[in-house]
Each structure stands twice: as structure tokens, then as C-alpha cells.
Amino acid sequence: MAAPRLLPGMGKLFEMPAMLGRVSRPHSTSHAFAEVLRLPKRQLTKLVFPLQEFERHLLQDSGSDLHLKTFHPSLEDIARAEGFFTATARNRIEYLSSAERLDHAPDLPRPEVCFIGRSNVGKSSLIKALFSLAPEVEVRVSKKPGHTKKMNFFKVGKYFTLVDMPGYGYRAPEDFVDMVETYLKERKNLMRTFLLVDSVVGIQKADNIAIEMCEEFALPYVMVLTKIDKSSKGHLLKQVLQIQKFIDTNTQGCFPQLFPVSAVTYSGIHLLRCFIANITGNLKTNGT
């Protein structure tokens with residue numbers, strides 16, 4: 001079953017949400033996001049809603065049966081989501097444990113999201129960026145592909161658990177298939193799988209295998225386009241159009257919107273935090 005036709009509402013993806021002037025509680029907005037809100041509108045849009053840069057091209061391409069379901073939270077929603085990722089005395093964000101097998105994984109009742117992708121796709125860098133509001137959390141990042149060899153579990157307050165999975169492809173752990181397949185098939189509280197694709201090279205053969213695995217297991221998953229700071233605008237546009245079409249025509253369980261991000265410039269990071277808070281049931285917004 002393909003993603004539903006939603007062309008009449010497609011323009012909502014490109015609506016600039018109202019500014020955050022109506023937030024009633026000062027602590028609802030982190031200092032970092034308050035600084036973002038002071039940016040000129042064009043810079044703010046590029047940083048928070050990077051997909052909007054391709055509005056004209058995506059709308060033109062909709063004539064070729066490109067279908068989009070969109071996640072378009074308000075800036076107030078995004079500010080509220082920042083609170084879930086901000087470490088405080090009452091909201092502890094911390095590394096919990098690592099596991100090579102599912103039966104060694106911590107048994108936690110809270111919702112869980114996991115991040116998977118090819119070795120060197122920027123997975124650990126992205127998770128480190130997501131946790132930038134909790135600087136004491138140590139997310140190990142290496143320039144060498146295949147650094148992550150185990151499933152690493154991070155507790156995000158009382159709200160959810162985030163899992164950093166080993167990279168597939170080059171230098172993947174020998175027991176990668178047993179480790180990851182078992183987790184994806186049997187983890188009861190797994191709410192969403194985030195499958196990372198490198199914006200420089202696009203979807204590769206190893207990515208297709210991971211996509212097929214998610215589809216076979218009927219998992220709800222999301223494609224995240226990483227390293228967008230390393231792609232020219234023209235190259236990035238090409239990748240966005242190709243991958244968005246791929247999602248629309250070749251997937252059933254994939255969320256119909258691509259999430260472009262950069263762990264260097266933080267473009268798309270705020271929106272991704274909001275999406276995670278939304279799908280784990282901790283934040284009600286106007287999109288899932």
C-alpha cells in the first residue's frame with residue numbers, strides 16, 4: 001500500500017509557522033532555541049525547516065504523482081520539544097548501557113526509537129547533535145567507519161530511550177544481522193526506526209537491504225538525509241527529489257516525508273527533535 005495521496009494539503013509543508021511570541025512560560029524555550037528565534041526569517045527557515053528550501057521544485061514535481069504527508073509543527077511545538085532534550089536535575093539524560101544481543105539489552109517500559117545506517121553515514125554525530133542540550137552525555141564519534149559495535153542505549157528523562165545501532169556495510173560487526181534483525185523484530189516498545197542516508201552518495205545497495213528489512217518486518221520507519229552541509233544545493237536538490245520519489249513509490253512503512261539534517265550546522269536538528277517527541281507520544285502536534 002503506497003503512501004496516501006495528500007496533494008491538496010501539500011503546501012502545508014512550506015507554511016512558515018507563526019513566531020513564538022505567545023509562549024507563556026519562559027522555561028518553555030531553551031536558551032539555544034531562543035537564539036534561533038532571533039535569526040532573520042530566511043535563516044530561521046533554512047535552519048529549522050531545511051526541506052522548505054526546495055518548495056518550488058517539490059511542488060512542481062507533484063505533477064508527477066509525488067505524494068507527501070507532512071510534519072509541520074509550529075515553532076511553539078518545536079520549543080516545547082527542546083525541553084525533552086534538555087538535561088536538568090529533574091530530566092536526566094544519560095547513557096544507560098550497551099548490548100550485543102537483545103537479551104542483554106535493558107528492559108525498559110518507556111517508548112524507544114533507534115537509529116541505523118551505513119558505516120560512516122554520520123549516525124553517532126547526529127545523535128551527539130540531538131543531545132547537544134545535554135552536553136554531559138558522552139556519544140563517542142570516530143572518523144573511522146564502523147566504530148559502533150554494539151547497541152548503545154540512552155535514557156531521555158522519563159520520556160523515551162534512544163538506541164544507537166551498529167553501522168551496516170563496511171566493518172560491520174560479525175554478528176550484525178543477528179543483533180539488529182532480532183532487535184527490530186522483537187523489541188516490543190520500539191516506536192520508530194530512523195534510517196540514515198548520506199546526502200553525498202544517496203541510497204546505496206546496503207541501504208536498500210536495510211529498507212527491505214524494515215519493509216519485511218512491517219516496521220514504521222523514517223529516512224533521514226545526513227551531511228547536507230557537504231552537498232551543493234543542486235546536488236542536494238537532486239538527492240531530495242530522488243529519495244522523496246523512492247519513498248513515495250517503493251515503500252509502505254516509511255514516513256512519507258524525508259528529514260534532511262546536518263550535525264555540523266544543526267540544520268533540521270530542531271525539527272527532528274520535535275518529531276521524536278511527537279511519535280513517542282510525549283508531545284501532541286499537528287503532524288505525525
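Buried means under 20% relative accessible area, exposed means over 50%, and partly exposed lies in between (1.4 Å probe, protein chains only). This is a predicted model, in which local features need pLDDT of at least 70 and side-chain atom pairs count only at pLDDT 80 or more, while totals for chains, interfaces and linings use all residues. Residues are numbered from 1 along each chain as its sequence is written, and side-chain values use heavy atoms, with hydrogens and water left out.

Q: Why does the pair of Glu82 and Arg273 tie together parts that are 191 residues apart in sequence?
A: A salt bridge is a side-chain nitrogen of Lys or Arg within 4 Å of a carboxyl oxygen of Asp or Glu. Glu82 and Arg273 form one, with their closest N and O atoms 3.0 Å apart. The pair ties those parts together because Glu82 lies in helix H4 and Arg273 in helix H9.

Q: Is Asp77 buried or exposed?
A: Asp77 forms a salt bridge with Arg80, the closest N and O atoms being 3.2 Å apart. Both residues lie in helix H4 (residues 75-84), 3 residues apart, about one turn of the helix. Arg80 has 35% relative accessibility and therefore counts as partly exposed. Asp77 has 10% relative accessibility, so Asp77 counts as buried.

Q: Which residues do salt bridges that share partners join into one network?
A: Glu94 and Lys155 meet through their side chains in a salt bridge (4.0 Å, N to O). Glu94 lies in strand E1 (residues 93-99) and Lys155 in strand E3 (residues 151-156), so this pair ties together parts 61 residues apart in sequence. Through shared partners, the network joins Arg92, Glu94 and Lys155.

Q: How many disulfides does the structure hold?
A: A disulfide is a pair of cysteine sulfur atoms within 2.5 Å. For Cys254, which is in no disulfide, the nearest cysteine sulfur is that of Cys214, 8.5 Å away. Cys254 is buried, with a relative accessible area of 5%. The number of disulfides in the structure is 0.

Q: With which side chain does the side chain of Glu112 make a polar contact, and which residue is it?
A: Glu112 sits in strand E2 (residues 112-117) and is buried, with a relative accessible area of 0%. A polar contact is a pair of N or O atoms within 3.5 Å; within protein, one must be able to donate a hydrogen and the other to accept it, and residues adjacent in sequence count only if both atoms are side-chain atoms. At 2.8 Å, the partner side chain belongs to Tyr183.

Notes:
Helix = DSSP H or I, 4+ residues; strand = E, 2+ residues; numbered from the N terminus.
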